[in-house]
Amino acid sequence: KKRMQETSQTIINVLPSHTLNHEKLEAYMKQNIPHFSPPLTIKQFSFGQSNPTFFLTDSLDQKFVLRKQPPGTLLKGAHQVDRESTLMTALHSISFPVPRVLCFCSDLSVLSTLFYIMEFVPGTLFLDSNLPSVPISKRKSIYFSFVQTLTQLQKIDYKKINLQNFAPTSNYYARQYSTWSRQYRSSETHFLPTMERLMLWLKNNLPSGKDAQETVIVHGDYKIDNAIFHMTADGQYKVKAVLDWELSTLGHPLADLGYFVSYAYYISRFESGTFGEEVEGVPKEEEVVEEYCRLMGRKKIERWHFYLVFSQFRLAAICQGVYKRALQGNASSKNAGVYGKKAELIAELAWSIIEKNESQESLKEYYEIKEG
């Protein structure tokens, strides 16, 4: 009952700007999905700012999920649902917890964009990283299961599941800096001095040497609301499926950890007004990092603040992209318009972490960046 309530809160009628060709989609599913039984009912998930995501049911009450690119002009390198489908298919083949992809469609005559259809995974989705709806005694299990699932992902030999050509395998942070700086410039709507300082500081502080060359599968948006959980026999929560692989690539192992921690302990709490406070039952930031290091056999992480800051820079760039699409009228969510201010606030949060961890003397050149 609780799961159904949780799910129903996230399912809405299809937004007018995201209307699908019902007849063409139904015909495609009849041809490509075994045992599909028309008529098709289409609803939309309210979450998913980047790629519109739809909840499909047929006459037998079989449930499916469709992910597609948004309508309109797309930024180069964004909304790569084809990569998402490829990676999920590879991971499912070795029983990593992801939904099973049923089909991928590159025929633009069906829905005008690329899309894929996957199985619907029942379970619980936690939209708030502070887990207010979860009993205090069960909150730690959610965080630690999420960390364990991340280490499970990072221990996969990507070459053995034919992902060696999925992305470049070196200089991850230099590549990411180039990608997200370019994405930000493509969607820039006004001059943000803090974002300019942030980009310059990151450019001057990218990891180098052997440590920078470690390569694992990177999810790219690894946060608790991108996972479905279920309760185990011992009454604790465990990850059942990891969702939203659009930003997946090959890269540095600390990228996903930095993003998870950055979102749960900084962004989410900043937005909810609980930043800097402890949440009862939720492990502390350092406990999560220690658990990750224990499971990976890793020693202390040097310059941890870099990984937090970079994650927030990426998120700020993503938010700016959502805001630009909102101005153009093709964003995937009703509340996309607030993301312009969100990008600015995240940049300021990231800069405050730099100020806390770096000497004022070393930051003098960055403060010379004024209004443009």
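Entry 1, the sheet. I began with phenylalanine 229, whose bridge partner in β10 is valine 239, and I note that the model is a predicted one. Strand β9 (residues 227–231) and β10 run antiparallel and are joined by five bridges. I then traced the whole sheet, which is open and consists of three strands in the order β7-β9-β10 with antiparallel pairing. Because β7 (124–125) and β10 (237–242) each have a single partner strand, they stand at the edges, and one side of each is left without a neighbour in the sheet. Helix α5 (residues 136–154) packs on this sheet, where it touches β9 and β10, and its direction makes about 40 degrees with that of β10.

I found 26 aromatic pairs in the structure. I picked out tyrosine 173 and phenylalanine 310, whose ring centres are 5.0 Å apart; their planes stand at 80 degrees, so I recorded the pair as edge-to-face. This pair links distant parts of the chain, since tyrosine 173 belongs to helix α6 (residues 172–187) and phenylalanine 310 to helix α10 (residues 304–328), 137 residues apart. Tyrosine 173 counts as buried at 5% relative accessibility, and phenylalanine 310 is buried with a relative accessible area of 2%. Both residues belong to one aromatic cluster, whose members also include Trp201, Trp304 and Phe313.

The charged end of lysine 223 sits over the ring of tyrosine 263, 4.6 Å from its centre.

Terms used. Residues numbered from 1 in each chain as written. Predicted model: local features only at pLDDT ≥ 70, side-chain atom pairs only at ≥ 80, totals over all residues. Heavy atoms only, no water. Phe/Tyr/Trp six-rings, centres within 6.5 Å; stacked < 30°, edge-to-face > 60°. Helix = DSSP H or I, 4+ residues; strand = E, 2+ residues; numbered from the N terminus. Buried < 20%, exposed > 50% of the residue type's maximum accessible area, 1.4 Å probe, protein only. Lys NZ or Arg CZ within 6 Å of the ring centre and 35° of its normal. Pairing = 2+ DSSP bridges. Contact = heavy atoms within 4.5 Å. Axes fitted to C-alpha atoms, helices over the stretch in contact; angles between N-to-C directions.
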